[in-house]
Amino acid sequence: MQVDASVLGSISAAHLLHDFGVAGVFVVLFLEMGVLLAFFLPGDSLLFVAGYATVAHNSLGFSMSLPWLLVGAIVGAVAGAQLGYELGRRAGPTLHQRESRFYKKEYVERAERFLTRFGPAKAVVISRFLPIVRTFVSPLAGVAGMSRRDFVIWNVISGVGWTIPLIVLGHLLGNISFVRNYVEALAVLIVVISIVPALVHYLRERRSTPTSQ
């Protein structure tokens with residue numbers, strides 16, 4: 001069965017992988033972790049589909065090298081987050097002054113509350129698994145004055161802990177016929193599952209925040 005990449009949306013993981021391969025994985029993760037306006041990029045689904053693409057005779061019509069994919073994903077995720085941290089150290093309060101159609105102050109404020117609640121080290125690790133939040137935590141760790149040494153350590157740990165499991169999951173499940181037939185639907189499911197923690201966190205925040213009279 002040939003995958004219809006359009007089902008994955010305008011930014012299709014399968015389409016990106018077909019056209020750009022490991023370089024595409026590196027660039028997407030680097031941008032998602034390092035550039036605030038790239039918070040919408042499909043990191044989770046991209047890693048899963050990329051892992052599936054390393055399986056021989058998969059249904060995507062192309063294949064990728066698992067070792068090179070692991071290297072590209074880890075380097076892209078870690079380097080991007082490090083860029084975000086360095087920009088945060090330099091940008092400081094200007095993060096709060098930005099506002100546009102796609103960039104909302106509430107994203108920064110939500111990430112700030114997340115950083116305060118868990119502390120810089122835990123926040124850097126946990127945020128990797130939360131879409132949108134993971135894009136903003138790195139620069140805010142820089143704004144908060146987290147030491148570069150500590151950030152590098154937890155950045156590497158979280159980068160490895162986020163990328164490898166999703167890639168390996170896609171690779172291992174790729175030998176199952178059901179996955180071969182419905183990889184595009186499973187990629188969407190990965191996105192939905194990755195959003196659930198952020199949604200739960202948001203709902204808890206709303207319930208705990210007193211409403212103004």
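How far apart are the end C-alpha atoms of helix 7 (residues 148-173), and what span should its 26 residues have at 1.5 Å a residue? The legends below take up this question and several others. The structure is a predicted model, in which local features need pLDDT of at least 70 and side-chain atom pairs count only at pLDDT 80 or more, while totals for chains, interfaces and linings use all residues. Residues are numbered from 1 along each chain as its sequence is written, and side-chain values use heavy atoms, with hydrogens and water left out.

**View 1. The protein chain as a whole.**
The secondary structure of the protein chain comes to nine helices and zero strands, where helices (H or I, at least four residues) and strands (E, at least two) are DSSP runs numbered from the N terminus. Followed along the sequence, the pattern reads α-α-α-α-α-α-α-α-α. Of the 213 residues in the protein chain, 46% count as buried; the word buried stands for under 20% relative accessible area, exposed for over 50%, and partly exposed for values in between, with a 1.4 Å probe and protein chains only. Among contacts with a separation of 6 or more, 76% are between residues 24 or more positions apart, and contact means heavy atoms within 4.5 Å.

**View 2. Helix 7 and its buried residues.**
The 26 residues of helix 7 should span 38 Å at 1.5 Å a residue, and the end C-alpha atoms lie 37 Å apart, which agrees; the expected span is 1.5 Å times one less than the number of residues. Buried in helix 7 are Phe 151, Asn 155, Ser 158, Gly 159, Trp 162, Thr 163, Leu 166, Ile 167 and Gly 170. An α-helix has 3.6 residues a turn, so residues three or four places apart point the same way.

**View 3. Helix 3 against helix 7.**
Two packed helices are described by the angle between their axes and the distance between the axes. For helix 3 and helix 7, the axes come within 9 Å and cross at roughly 145 degrees; axes are lines fitted to C-alpha atoms, for helices over the stretch in contact, and angles run from 0 to 180 degrees between N-to-C directions. Their crossing is right-handed, a word used if the near helix is turned clockwise from the far one by less than a right angle, and left-handed if anticlockwise. Residues making the contact include Ala 73, Ala 77, Ala 81 and Tyr 85 of helix 3, and Phe 151, Asn 155, Gly 159 and Trp 162 of helix 7. By class, this contact has 16 nonpolar, five polar and three charged residues; Ala, Val, Leu, Ile, Met, Phe, Trp, Tyr, Cys and Pro count as nonpolar, Asp, Glu, Lys and Arg as charged, and the others, Gly among them, as polar.

**View 4. Helix 3 against helix 6.**
The axes of helix 3 (residues 66-91) and helix 6 (residues 133-143) come within 6 Å and cross at roughly 40 degrees. That angle makes helix 3 oblique to helix 6, given that under 35 degrees counts as roughly parallel, over 145 as roughly antiparallel, 65 to 115 as roughly perpendicular and the rest as oblique. Helix 3 passes helix 6 in a right-handed crossing. The contact is formed by Ala 81, Gly 84, Tyr 85, Gly 88 and Arg 89 of helix 3, together with Ser 138, Pro 139, Ala 141, Gly 142 and Val 143 of helix 6. Sorted by class, there are five nonpolar, four polar and one charged residues in this contact.

Glu 32 belongs to helix 1 (residues 13-34) and is buried, with a relative accessible area of 0%. Apart from neighbours within four places in sequence, Glu 32 is in contact with Ala 38, Phe 39, Leu 41, Gly 43, Arg 134, Thr 135 and Trp 162. In helix 2 (residues 43-53), 11 of the 11 residues are buried, so helix 2 is largely enclosed by the rest of the structure. Among these buried residues are Gly 43, Asp 44 and Tyr 52.

**View 5. Residues in three loops.**
His 57, in the loop between helix 2 and helix 3, has a positive phi of about 60 degrees although it is not a glycine, and it is exposed, with a relative accessible area of 75%. Ile 132 is placed in the loop between helix 5 (120-127) and helix 6; its phi is near 75 degrees, a positive value in a residue other than glycine. Val 35 sits in the loop between helix 1 and helix 2 and is partly exposed, at a relative accessible area of 32%. Val 35 and Gly 80 are 45 residues apart in sequence and 7.7 Å apart in space, C-alpha to C-alpha.
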